[in-house]
Amino acid sequence: MNQKNSLGIDLCFKDLDNPMDLFEYWFNEAKKTEINDPNALALATVGKNEIPSVRMVLLKDFNEKGFVFYTNLNSRKSNEIKSNPNASMCFHWKSLLRQVRITGKLSNVSNAEADSYFNSRSFGSRIGAWASNQSSKMNNREDLIEKYNFYKNKFKEDSIPRPDYWSGFRVIP
């Protein structure tokens, strides 16, 4: 899969000088070939305890400013980010025999960005943001379903506000 020219240099780099242009090219290739979630990435953070923690999140946007994901601001990852804004991301595109690692500082996305993305989500996903206490122990499934149904009945589909505790972070490489 990794094609090489006569000098042994991978052609997959496309002679692009800007790493963001190369990421965009590879990401578009991954969208065509990955079976599941080409935007899935492993995000590593370190909290006050200085012990690394890694979990999968989904990339929702990227540009010259950085790489954006969204989360509950009361989650473990958010608390770790608040105490230490350094993070590392790793994309693994098995179908392309490629991985991309990105290290950088995290910053909050603007409220306008968070609102825009939140409003683009499906009704169920927006209700889920209200109902889920991400990273918290769940007593039982019924409690979550009850909470989901409460918010489902509370909000009309076209008027679900973004919870104050839900927003996004940008990894600035």
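A polar contact is a pair of N or O atoms within 3.5 Å, where, within protein, one atom must be able to donate a hydrogen and the other to accept it, and where residues adjacent in sequence count only if both atoms are side-chain atoms. The model shown is predicted, so that local features need pLDDT of at least 70 and side-chain atom pairs count only at pLDDT 80 or more, while totals for chains, interfaces and linings use all residues. Residues are numbered from 1 along each chain as its sequence is written, and side-chain values use heavy atoms, with hydrogens and water left out.

**View 1. The polar contact of Arg 55 with Glu 80**. The side chain of Arg 55 makes a polar contact with the side chain of Glu 80 at 3.1 Å.

**View 2. Arg 55 in strand 2**. Arg 55 lies in strand 2, which covers residues 52-58 (strands are DSSP runs of E with at least two residues, and helices runs of H or I with at least four, numbered from the N terminus). With a relative accessible area of 17%, Arg 55 is buried, a term that means under 20% relative accessible area with a 1.4 Å probe, protein chains only.

**View 3. Residues in contact with Arg 55**. When neighbours within four places in sequence are left aside, Arg 55 is in contact (heavy atoms within 4.5 Å) with Leu 41, Ala 42, Leu 43, Ala 44, Thr 45, Lys 77 and Glu 80.

**View 4. The chain around these close-ups.** The chain has five helices and seven strands, and 38% of its 173 residues count as buried.

How values were computed. Buried < 20%, exposed > 50% of the residue type's maximum accessible area, 1.4 Å probe, protein only.
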